[in-house]
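Biologist: I am new to this model and would like a close look at one part of it. Please describe how that part is put together, and then what lies around it.

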Amino acid sequence: MIEVNNVSKYFGEKQILHSINTQFEEGKVNLIIGRSGSGKTVLMKCLVGLFSPEEGQVLYSGREFHNLPEKDKLLLRKEMGMVFQGSALFDSMTIEENITFPLDMFTEQSESEKHDRANFCLECVDLVNVNKLYPAELSGGMKKRAAIARALACNPKYLFFDEPNSGLDPKTSLLIDELITKITHDFNTTTVVNTHDLNSIITIGETISFIYQGHLAWRGSSDNILTSDDQTLNDFIYAQPLTQRLRKTL
Amino acid sequence: MGIGSMLIVCIVSLAMGSVITLQTALQIESGWIPAWTVGFVARTSIVMELCPTIISLLLVGNLGSRITAEIGSMRVTEQIDALEVMGVNPASHLVLPKVLASIIVNPVLCIFSIGFALFGGFLTVWLTGCISTYNFIDGLTYCFRVYDVVYALTKTCIFAFVMSSVASFYGYRIEGGALELGKASTQGIVVSSFVILVLNVVITNIML
């Protein structure tokens with residue numbers, strides 16, 4: 001479980017996050033949702049240690065990440081996997097090299113073990129015969145899946161996805177959502193997904209934290225998000241004509 | 001890294017050696033000055049100053065901008081963030097090999113450059129007949145000191161360190177997109193060139 005306690009983040013004088021309190025549960029798909037510029041990416045970067053919050057704590061199974069000694073922080077980082085918005089695959093490496101990169105860095109595995117692990121991770125994300133291809137040779141959806149395979153390489157306890165559906169067509173978005181749910185349940189990971197994709201919110205969100213102007217405005221699940229009476233949440237969820245029509249049917 | 005710059009280094013060095021020899025020959029017309037002085041002056045200028053400095057400045061534009069662009073595009077596309085999340089130190093993983101490679105390869109390029117520049121001078125003398133090739137070679141070998149080469153290579157190593165570390169720094173700290181990448185690349189070249197020129201004066205003062 002990941003606990004976020006009173007996390008505040010400033011850029012200069014500007015406060016981006018205002019005392020965020022939330023939890024991300026083990027074995028569940030936990031969503032952080034909100035409009036663009038609401039602070040959800042900043043929150044995720046605070047979770048994974050790319051930003052340090054000025055106030056508050058991020059606890060990984062009771063371990064306070066930002067105050068850990070560097071050695072322990074490194075050990076905790078090995079339990080994390082992250083899929084970035086633009087996939088962030090290393091351009092100069094093949095897909096297999098991308099996946100085995102964290103294994104090269106942190107394990108003593110033999111070449112054949114690493115090759116087998118890469119193939120296993122690629123099978124998990126339904127990618128075949130791409131081992132020797134470079135990221136530039138893949139489509140957007142394939143890159144995303146390859147990035148998920150890389151994130152899985154070290155068998156992480158905590159998985160983070162930053163806008164996994166951005167730039168993808170609806171069908172591929174659905175496949176990525178299914179993949180996220182499957183991986184979370186199969187490997188019992190604590191998965192945190194940063195998204196504003198309404199379909200993802202409704203279909204995969206087991207716990208949902210709604211960020212509005214840097215504040216945690218609502219917390220719940222996909223079961224009660226459509227019937228919430230929170231005005232800021234409803235303004236976000238029912239912003240589009242299609243969802244407004246859906247609301248009338250509820 | 002740097003091997004791809006071999007062709008341009010060779011072309012520039014040939015031209016540089018050729019011009020310095022020709023100009024020296026044209027300036028020294030007095031009968032009191034021996035003809036081998038042309039070779040001596042050309043060698044001294046080429047080995048001690050032109051090759052280490054001009055080639056380093058050339059490599060700032062060629063390799064330095066490439067380092068900035070490579071690291072900068074990794075920053076823009078979140079590849080550096082991915083390294084950090086994995087627990088890999090991006091500075092040591094990305095910057096250190098480039099700095100080491102520059103310190104190793106740039107002196108090699110400098111040696112090639114010296115060879116090609118001296119050959120360029122010889123070709124010019126042979127083709128124009130401004131002095132005899134015997135006198136030119138006599139000048140090239142007159143009072144030759146190994147220390148001059150050590151001095152040139154020391155300068156090249158220091159300039160290589162400056163070039164690669166400044167270029168990496170500008171690439172690493174990029175925030176934004178393609179526009180910032182271009183700006184950072186230009187800034188990296190300007191700052192590296194300035195630092196190299198200042199250091200050139202300082203090192204010359206210390207070592208000579």
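Modeller: Along its sequence, chain B of this predicted model reads α-α-α-α-α-α-α. That is seven helices and zero strands. The C-alpha atoms of the chain occupy a box of roughly 70 × 30 × 25 Å along the principal axes. Of the 208 residues in chain B, 43% are buried. If one takes the contacts in chain B between residues at least 6 apart in sequence, 86% of them link residues that are at least 24 apart.

A pair of helices in chain B can be taken as the part to examine. Two packed helices are described by the angle between their axes and by the distance between those axes. For helix H4 (residues 90-128) of chain B and helix H6 (residues 146-172) of chain B, the axes come within 8 Å and cross at roughly 145°. The crossing of H4(B) past H6(B) is right-handed. On the H4(B) side, the contact is made by Val95(B), Lys98(B), Val99(B), Ser102(B), Ile103(B), Asn106(B), Pro107(B) and Cys110(B). An α-helix has 3.6 residues a turn, so residues three or four places apart point the same way. On the H6(B) side, the contributors are Ala152(B), Leu153(B), Thr156(B), Cys157(B), Ala160(B), Phe161(B), Met163(B), Ser164(B), Ser165(B) and Ser168(B). Taken together, the residues of this contact are eleven nonpolar, six polar and one charged.

One residue shows how another helix comes in. Val47(B) belongs to helix H2 (residues 37-76) of chain B. Val47(B) has 23 other C-beta atoms within 10 Å, so it is buried. Apart from neighbours within four places in sequence, Val47(B) is in contact with Ile114(B), Asp148(B), Val149(B) and Ala152(B). Of these, Ala152(B) also takes part in the contact between H4(B) and H6(B). Val47(B) also lies 9.1 Å from Ser113(B), C-alpha to C-alpha, although 66 residues separate the two in sequence.

Next comes the partner chain. Ten residues of chain B are in contact with 13 residues of chain A. On the chain B side, those residues comprise four nonpolar, three polar and three charged. A helix of chain B also has a part in covering a helix of chain A. In helix H3 (residues 95-106) of chain A, the buried residues are Ile95(A), Glu96(A), Asn98(A), Ile99(A), Thr100(A), Phe101(A) and Pro102(A). Their cover includes helix H4 (111-124) and H5 of chain A, as well as helix H3 (79-86) of chain B.

H5 of chain A has a helix packing of its own. Helix H5 (residues 140-152) of chain A packs against helix H6 (residues 170-187) of chain A at an angle of about 10°, with the axes 10 Å apart. With that angle, H5(A) is roughly parallel to H6(A). H5(A) makes this contact through Gly141(A), Lys144(A), Arg145(A), Ile148(A) and Leu152(A), while H6(A) uses Thr172(A), Ile176(A), Leu179(A) and Ile183(A). By type, the residues of the contact are five nonpolar, two polar and two charged.

Chain A also has an open sheet of six strands with mixed pairing, in the order E6-E7-E8-E3-E9-E10. Strand E6 (80-83) and strand E10 (215-220) of chain A are the edges, each pairing on one side only. From one strand to the next, the twist averages 15°.

In strand E7 (residues 158-162) of chain A, five of five residues are buried. Tyr158(A), Phe160(A) and Asp162(A) lie on one side and Leu159(A) and Phe161(A) on the other, and both faces are covered. E7(A) also runs parallel to strand E8 (residues 190-195) of chain A, to which it is joined by five bridges. There, Asp162(A) is opposite Asn194(A) of E8(A).

Further along the sheet, strand E3 (residues 29-33) and strand E9 (residues 207-212) of chain A run parallel and are joined by four bridges. The bridge partner of Ile33(A) in E9(A) is Phe210(A).

Conventions
Residues are numbered from 1 along each chain as its sequence is written. Chains are lettered from A and ligands numbered from 1 in the order in which they are written. This is a predicted model: local features need pLDDT of at least 70, side-chain atom pairs count only at pLDDT 80 or more; totals for chains, interfaces and linings use all residues. Two residues are in contact if their C-beta atoms, placed from the backbone, lie within 7 Å. Ala, Val, Leu, Ile, Met, Phe, Trp, Tyr, Cys and Pro count as nonpolar, Asp, Glu, Lys and Arg as charged, and the others, Gly among them, as polar. Axes are lines fitted to C-alpha atoms, for helices over the stretch in contact, and angles run from 0 to 180 degrees between N-to-C directions. Helices (H or I, at least four residues) and strands (E, at least two) are DSSP runs, numbered from the N terminus. Angles under 35 degrees count as roughly parallel, over 145 as roughly antiparallel, 65 to 115 as roughly perpendicular and the rest as oblique. A residue is buried if 20 or more other C-beta atoms lie within 10 Å of its own, exposed if 12 or fewer, and partly exposed in between; C-beta atoms are placed from the backbone. Two strands pair if DSSP finds at least two bridges between them. A crossing is left-handed if the near helix is turned anticlockwise from the far one by less than a right angle, and right-handed if clockwise.
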